[in-house]
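Here are my notes on this one, as numbered points. Have the model open while you read.

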Amino acid sequence: MKQYILVLILAVVSISTSFATNPIKEGNMISGHVIVKGTEENIPYATILVVGSNQGTVSNEEGQFEFRKLPVGKYTLRVSAVGYKTQEKEVVVNKDFTTVVHFPMVEESFMTDEVVVSANRNEVSRKNAPVVVNVMSAKLFEMVNSTDLAKTLNYQSGLRVENNCQNCGFPQVRINGLEGPYSQILINSRPIISALSGVYGLEQIPVNMIERVEVVRGGGSALFGANAVGGTVNIITKDPINNSFQVSSMFSQMDGKSWEQYMGGNVSLVAPDQSYGIALYESYRNRNPYDRDGDGFSELGKLNMNTFGFRAYYRPTQFSRINLEYHTTNEFRRGGNKFDLQPHETDITEQTKHIINSGGVSYDLFWKEYKHKVSAYASIQHTDRNSYYGAQQDANAYGKTKDLTWVAGAMYVGNMDNCFFAPATFTGGLEYQDNSLHDVMTGYHRDMEQDVRIASAFVQNEWKMNLLTLLVGARLDKHNLIDNPIFSPRVNLLYKPSDDFQARLTYSTGFRAPQAYDEDLHVTAVGGEGVQIKLADDLREERSNSYSGSIDWTTHLGHWQANLLVEGFYTDLRHVFVLEDLGKNEVGDVIKERRNGSGARVYGANLDAKIAHGKEAQFQLGFTAQRSRYTRPEVWTQVDGQDLTTKRMPRTPDYYGYFTFSSAPARNFDFSLSGTYTGKMIVPHYAPIDAPEGAFCNIETDRMENTPHFFDLNLKLNYTFVLHDHIKLQVNTGMQNIFNSFQKDLDKGEYRDAGYFYGPTQPRTFFIGFKIMN
């Protein structure tokens with residue numbers, strides 16, 4: 001009898017196992033379950049991607065997911081969830097039965113293997129990327145209470161965001177010490193941020209449209225073309241993955257003097273079979289002007305901004321995808337004094353009104369189990385700007401600018417089982433960019449038209465061996481303002497003996513093409529001068545050669561997880577652009593010529609360290625030590641006919657860094673601390689030009705100032721209420737720049753040097769807000 005019972009049990013177990021692995025269901029399908037390893041608890045809302053296909057889904061409340069109508073073949077699934085280590089498995093789809101796969105996920109305190117695209121224009125785990133790619137996620141945006149991109153970029157080693165104007169609030173990001181124009185800003189890997197839109201662009205991008213931000217330090221022109229000299233910031237917008245919504249609002253008070261209001265909303269809708277989806281966002285921001293020193297002139301100008309956008313996709317087949325996106329921004333900003341009057345009735349005003357429309361479309365086609373891919377894409381951005389840059393009731397300082405930038409291209413990616421000596425991935429493509437700018441300021445006889453056209457071709461091959469990955473690539477750009485084609489090579493080597501250790505060596509190049517429009521134009525306009533800028537006949541592009549070496553190590557210390565990234569870098573910059581005065585023309589306008597000057601060298605080390613114990617404590621620290629020096633002393637001004645020179649790059653501290661700390665000591669309560677450190681630096685301080693006798697002047701002659709160091713500390717508290725049907729209400733409050741660390745020697749009055757502005761970009765600020773989400 002016992003033998004019959006044993007046989008029956010074995011039969012039942014055998015049948016159950018058969019159903020679990022090869023259930024008698026429809027074929028061409030994957031059914032899966034995401035659980036916690038050891039406890040077998042379900043993990044809801046985990047993200048499951050078919051590697052290399054842009055096809056994905058999320059697990060339901062029971063941790064289950066499905067992919068239907070898949071062609072027969074091999075696929076690699078990648079599963080990621082907040083607080084768990086990303087996992088990949090290869091599965092085989094059969095036409096006769098459903099393939100069942102389980103993912104037992106291991107808890108992890110922080111992510112070290114995010115999916116990135118900025119390393120080689122293909123989706124790859126950050127641990128397998130041949131270059132260091134730093135990722136900023138929505139979690140960081142929440143921790144530092146950021147509403148726009150400009151407030152977030154300080155929280156990466158090697159990056160520093162500064163405000164360069166008390167009037168207009170012009171922000172720029174410096175990567176490894178090189179100023180803003182040397183950093184390339186991409187949206188979904190497309191270079192549609194032009195010289196004009198890049199002036200205020202960082203502050204015009206709300207974080208609720210961003211899925212993540214990828215940062216690559218060092219030259220990147222071999223992949224992304226012009227301006228990727230100091231590094232690349234790639235903004236990846238939110239893709240619809242599941243049905244969700246979020247509404248948030250926040251009120252802030254700066255130093256008891258000025259209020260700011262922010263509201264934002266997100267909605268994501270996805271078809272049950274994942275064949276189509278759309279993610280929408282909207283944000284509104286209104287900031288009153290802030291006067292720090294009580295002189296009647298703003299240190300932070302008035303800002304009113306509305307943004308709206310969406311990103312959508314449609315899958316005609318399992319092996320194809322159409323992506324569509326659109327973003328629009330309507331922004332008004334004004335700085336100076338007498339905000340109740342028209343600009344030309346004030347002592348000084350800088351005012352702009354931007355209407356920006358941008359969008360893009362792409363088509364991806366895969367075949368042979370996603371081993372091959374062809375992409376065709378096009379993106380466009382149009383900016384319409386009305387401006388006033390003037391002082392002393394100047395009625396001539398009104399201007400109008402139109403700017404159109406578009407890019408179109410195609411790319412092929414092929415995975416080979418063997419290429420000479422190892423498996424490899426080949427990437428090649430063609431790209432064409434066009435930028436048309438028309439800038440008019442009739443009062444200063446300025447009617448400037450600029451057309452930039454660049455035709456490009458790029459190739460790279462990435463060999464993947466057991467412990468080594470070798471990437472060799474190059475790009476060829478033909479720029480209409482440069483006589484000869486521009487060749488940009490790159491070589492990257494990754495050594496990965498284990499999943500927790502990566503060592504990298506990198507050589508990369510970058511170039512910056514000439515342009516007539518520059519931020520210098522608005523500075524001179526405020527000074528009351530008409531300025532015409534021409535390009536020298538023999539002008540060459542600026543070039544950079546970047547070298548770096550890094551070690552990235554992850555380990556577990558008992559229940560603690562730690563990660564250390566150390567990177568040394570060296571950038572040699574040649575043929576730097578300089579402006580030289582040529583005198584005045586017949587109507588009295590200043591004529592300046594953009595020429596090539598000497599070069600510069602930037603070198604140093606970046607350090608990023610993380611240590612965490614689950615959600616109880618997560619700490620991250622970043623620090624940069626560097627030197628930024630011109631190869632020969634550069635003239636920065638003239639005093640009494642004498643050239644004043646500097647060999648040290650202005651506005652570049654030798655030491656700077658950041659930290660973040662978060663903790664969830666209770667189920668519904670969490671808090672975060674964050675802060676940035678800015679070391680000492682030199683900043684040009686200019687005396688007013690042609691100030692009337694008896695007028696108050698802050699300084700009599702131009703001089704180079706030595707600044708103090710700054711440390712600003714932020715605190716945020718969150719409490720979450722769970723409402724009906726998994727809807728949550730989060731209430732938050734806190735303070736930014738707790739120590740009120742701010743510049744003490746601000747220029748005052750109508751003849752101030754508004755560009756003499758440095759240090760933290762906002763004073764002590766109290767805030768309170770809420771967020772409703774599912």
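**Salt bridges, a sheet and the cavities**

1. Searching the whole structure turns up 38 salt bridges; the criterion is a side-chain nitrogen of Lys or Arg within 4 Å of a carboxyl oxygen of Asp or Glu. Keep in mind that this is a predicted model, where local features need pLDDT of at least 70, side-chain atom pairs count only at pLDDT 80 or more, and totals for chains, interfaces and linings use all residues. Residues are numbered from 1 along each chain as its sequence is written, and side-chain values use heavy atoms, with hydrogens and water left out.

2. The pair I'd look at is D148 with R285, a salt bridge at 2.8 Å, N to O. It ties together distant parts of the chain, 137 residues apart: D148 sits in the loop between α2 (138-143) and β11, while R285 belongs to strand β18. (Helices, H or I with at least four residues, and strands, E with at least two, are DSSP runs numbered from the N terminus.) Buried or exposed, then, for D148? D148 is buried, at a relative accessible area of 1%, and R285 is buried as well, at 3%; buried means under 20% relative accessible area, exposed over 50%, and partly exposed in between, with a 1.4 Å probe and protein chains only.

3. D148 and R285 also belong to a salt-bridge network, together with E203, E260, R287, E331 and R333.

4. Two other pairs. R68 and E66 form a salt bridge with their closest N and O atoms 3.1 Å apart; R68 is partly exposed at 39%, and E66 is partly exposed at 37%. D654 and R648 meet at 3.9 Å, N to O, and D654 counts as buried at 12%.

5. On to a sheet. Four strands make an open sheet in the order β10-β14-β15-β13, with mixed pairing; two strands pair if DSSP finds at least two bridges between them. β10 (134-137) and β13 (183-187) are at the edges with a single partner strand each, so one side of each has no neighbour in the sheet. The twist from one strand to the next averages 15°, using axes that are lines fitted to C-alpha atoms (for helices, over the stretch in contact) and angles from 0 to 180 degrees between N-to-C directions. β13 pairs with β15 (residues 231-237) in the parallel sense over five bridges, and L186 stands opposite N234 in β15.

6. How many cavities of 30 Å³ or more are there? The count is seven. A cavity is a set of points, on a 1 Å grid over the protein atoms alone, where a 1.4 Å probe fits but cannot get out, and lining residues have an atom within 4 Å of a point. Grid points are joined across faces, edges and corners, and a volume is the space filled by probe spheres set on the points.

7. The largest cavity has about 670 Å³. Its lining has 41 residues, and K151, N154, P760, T761 and Q762 are the closest to its centre. β11 contributes the most to that lining, with five residues.

8. The second largest cavity holds about 270 Å³. It is lined by 28 residues, with V131, V216, R217, G219 and S508 nearest its centre. Here β30 supplies the largest share of the lining, five residues.

Note on methods. 1 Å grid on protein atoms, 1.4 Å probe; cavity = no way out; pocket = protein on both sides within 12 Å on 5 of 7 lines; lining within 4 Å.
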